[in-house]
Amino acid sequence: MARLALALDDTTEDRIIADIVEHGHAIVARLAGWRDLLESLDVLGPDVALVGAARGTLSAELLAGCDERGIRLIALAATDAERAHASQLGLHEVVDHEAPWTDIEPLVSGGVPVPSRVGELPVKQERAASVIAVWGPGGAPGRSTVAVNLAAEIAAAGHTVALVDGDPYGGAIAPVLGLLDEAPGFASACRLAGADALDRVELERIAQRYSAPRAAFNVFTGLVGPSRWPELARDRVTAAIEAMRAWVEYVVVDTGFSLEHDEELTSDQFAPRRNAATFAALAAADRVVAVGLADPVGLSRLLRGHVELVDLVDPDRVDVVVNRVRTSALGIDAHAQVRQTLRRFGGLSEATLLPHDSKATDAAILTARTLRDAAPRSPLRMAIRDYAFEALLPTPEPSRRRGFAIPTLRRAATG
C-alpha cells in the first residue's frame, strides 16, 4: 500500500480515485498546485506524488523536493506541451492523463525501473540485503539508539532500509520514533513468515514509515509486552528476515541482550526459547554491532558478553562500539582509557567510540526523531554517520532502488 498525494485536475482525479482505493492505496491529500504540495511534503509524508504535468502542478522545485525526501513523482500529461515540460525538467515517470490505472499502478508500486535523472549512474547487480544486528549486554548501553540512527544514516546514503525491533524482552523503537505500537509489526511478520505468506505486499502493509527529508525508512515495531515473546520463534524470525532481504537493501535489527542457553536444558525440547529471536538475528547477520557503555560496569559487561558473542558469531563479523565516552566516568583521556581496557582485558584492538551527547539524545527523544533530524550537527550523530560510512557502507555508490518506499534513483545527500 502506498500513501499518495494528488495534484490533478478534477476530471482526472474523479476518474482514478476509485481505482486507487481499490488497489489498497491511501490518499493523504488532494491539492491544487505544486506550491501547496511542496509545502505539505514533510507534514503529509507521502510515498508517491501523482500530479498533472502542466506548469501549475509540476515544477523543478517540486521535483527537487520529492528527490530530497525520497518521494516518487509521477506526472500525467494531457498534451505534447506538457510532456515536453516534464521532459525538460528531467522527469521520466510520465504517463498519458487518460491512461487506465493498470498502466499507472506499476509505477506507484515500484515495479517498473526508471532511468536516473542525474546522468548515467552505475547500477549494482540485484543482491540480497545486508543484515546488521545491533547487540549489547544488559544495562541499557544504547542498542536502540545506535540501531535507529544507523538505519537513518544508511537511508540518508540513498538505500532502502528496514529497521526491525527484535528484542524479545519488549520493544523500544516505537516510542523512540513516536510510532504506534498497538500491533507489533515484527511479530506480525513472523506469524506470516511461519505460514509462508510473507510477501512484499504484506511487508508493505505491516511496516510503519518513519518519514524524514532524505532519510525515510521502514520500521517493524517490537513486542508491546514481554509476555508475548513466544511469537518470535527462531524459525519464524529467520524466515521473516530472509523475506526482508528480498525487499530492501539493508535490514537493521535491534536484538535482545541475553545470550543465555540455560533455557535449552528444560525437559520439553519443543518448547519455545525466549532468546531464540536474538540467536536467529545474530545467525542471519552479515555484521554484528556490539554496543557497550563507557564506564567500569558497562565495559565489564561488554567484555564478558563479547566472549559469549564470538562463540555464536564469527569474530570477523563483529564490530565493537562503545557508547557515551566521557571523562566524568573514566577520568582524563577517556578515549585512551577505553581502548586500553578493551585491548588489555579483551584483546580488542579496534573499536568505535561514541561521545556522550546528552543534549542531542534528549532532543531526539523529546521530538521522537532521529539524531539526524533532531540534532544534525551533534558530535554523536557525526560519529554514528562516520561509522556507518566507514564500516557498513565501504563503497557508497548510487544503488538501484527497489520498492516504492524509496523510489527515486537520485543519490540522497548525506549532510
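This is a predicted model: local features need pLDDT of at least 70, side-chain atom pairs count only at pLDDT 80 or more; totals for chains, interfaces and linings use all residues.

Biologist: Okay, let's start with helix H3. Which residues of H3 are buried?

Modeller: H3 covers residues 60–69, and the buried ones are Leu62, Leu63, Gly65, Cys66, Asp67 and Arg69.

Biologist: What happens just after H3?

Modeller: Gly70 sits there, with a positive phi of about 70 degrees.

Biologist: Then comes E4. How many of its residues are buried?

Modeller: Six of its six residues, so E4 is mostly covered by the under 20% accessibility cut-off for buried. Both faces are covered: one side has Arg72, Ile74 and Leu76, and the other has Leu73, Ala75 and Ala77.

Biologist: Which way do E3 and E4 run, parallel or antiparallel?

Modeller: Parallel, with five bridges joining them. As an example, Val51 stands opposite Ala75 of E4.

Biologist: What about E4 and strand E5?

Modeller: E5 takes in residues 94–96, and three bridges join E4 to E5, again in parallel. Ala77 has Asp96 in E5 as its bridge partner. To get from E4 to E5 the chain goes through H4, and that β-α-β crossover is right-handed.

Biologist: Nice. Switching topic: how many strands are in the open sheet that has E8 in its order?

Modeller: Eight, in the order E8-E9-E7-E10-E6-E11-E12-E13, and the pairing is mixed.

Biologist: Which strands are at the edges?

Modeller: E8 (208–210) and E13 (352–355), each of which pairs on one side only. Across this sheet, neighbouring strands are turned by 25 degrees against each other on average, ignoring direction.

Biologist: Can we zoom in on one pair? How many bridges are there between E7 and E10?

Modeller: Five, and the pairing of E7 (residues 161–165) with E10 (residues 250–254) is parallel. One of the spots to look at is Val161, whose bridge partner in E10 is Tyr250.

Biologist: Which strands does helix H11 lie across?

Modeller: H11 lies across E6 (130–135), E10 and E11 (287–293), and it runs at about 135 degrees to E6. There's also H14, lying across E12 (318–325) and E13 and running at about 145 degrees to E12.

Biologist: Now helix against helix. At what angle do H10 and H11 pack?

Modeller: About 35 degrees, and their axes are 8 Å apart; H10 is residues 234–245 and H11 is residues 276–284. The crossing of H10 past H11 is right-handed.

Biologist: Which residues meet there?

Modeller: From H10, it's Arg234, Val237, Thr238, Ile241 and Arg245; from H11, it's Ala276, Ala277, Phe279, Ala280, Ala281, Ala283 and Ala284. By type, that contact has nine nonpolar residues, one polar and two charged.

Biologist: Why do residues three or four places apart in an α-helix point the same way?

Modeller: Because an α-helix has 3.6 residues a turn.

Biologist: Got it. How do H6 and H17 pack?

Modeller: H6 (residues 143–156) and H17 (residues 379–392) pack at about 65 degrees, with axes 9 Å apart. H6 passes H17 in a right-handed crossing. H6 brings Asn149, Leu150, Glu153 and Ile154, while H17 brings Arg381, Ile384, Arg385, Tyr387, Ala388, Phe389 and Leu392. This contact divides into seven nonpolar residues, one polar and three charged.

Biologist: Last topic, the loops. What is the phi of Asp196?

Modeller: Near 55 degrees, a positive value in a residue other than glycine. You'll find Asp196 in the loop between H8 (185–194) and H9 (200–206).

Biologist: And why does Asp196 count as exposed?

Modeller: Because its relative accessibility is 73%, and exposed means over 50%.

Biologist: Where is Asp333?

Modeller: Asp333 is in the loop between H13 (327–330) and H14 (334–346). Asp333 has a positive phi too, about 55 degrees, although it is not a glycine. At 47% relative accessibility, Asp333 counts as partly exposed.

Note on methods:
Residues are numbered from 1 along each chain as its sequence is written. Side-chain values use heavy atoms; hydrogens and water are left out. Buried means under 20% relative accessible area, exposed over 50%, partly exposed in between (1.4 Å probe, protein chains only). Helices (H or I, at least four residues) and strands (E, at least two) are DSSP runs, numbered from the N terminus. Two strands pair if DSSP finds at least two bridges between them. A crossover is right-handed if, with the strands pointing away from the viewer, the path from the first strand over the helix to the second runs clockwise. Axes are lines fitted to C-alpha atoms, for helices over the stretch in contact, and angles run from 0 to 180 degrees between N-to-C directions. A crossing is left-handed if the near helix is turned anticlockwise from the far one by less than a right angle, and right-handed if clockwise. Contact means heavy atoms within 4.5 Å. Ala, Val, Leu, Ile, Met, Phe, Trp, Tyr, Cys and Pro count as nonpolar, Asp, Glu, Lys and Arg as charged, and the others, Gly among them, as polar.
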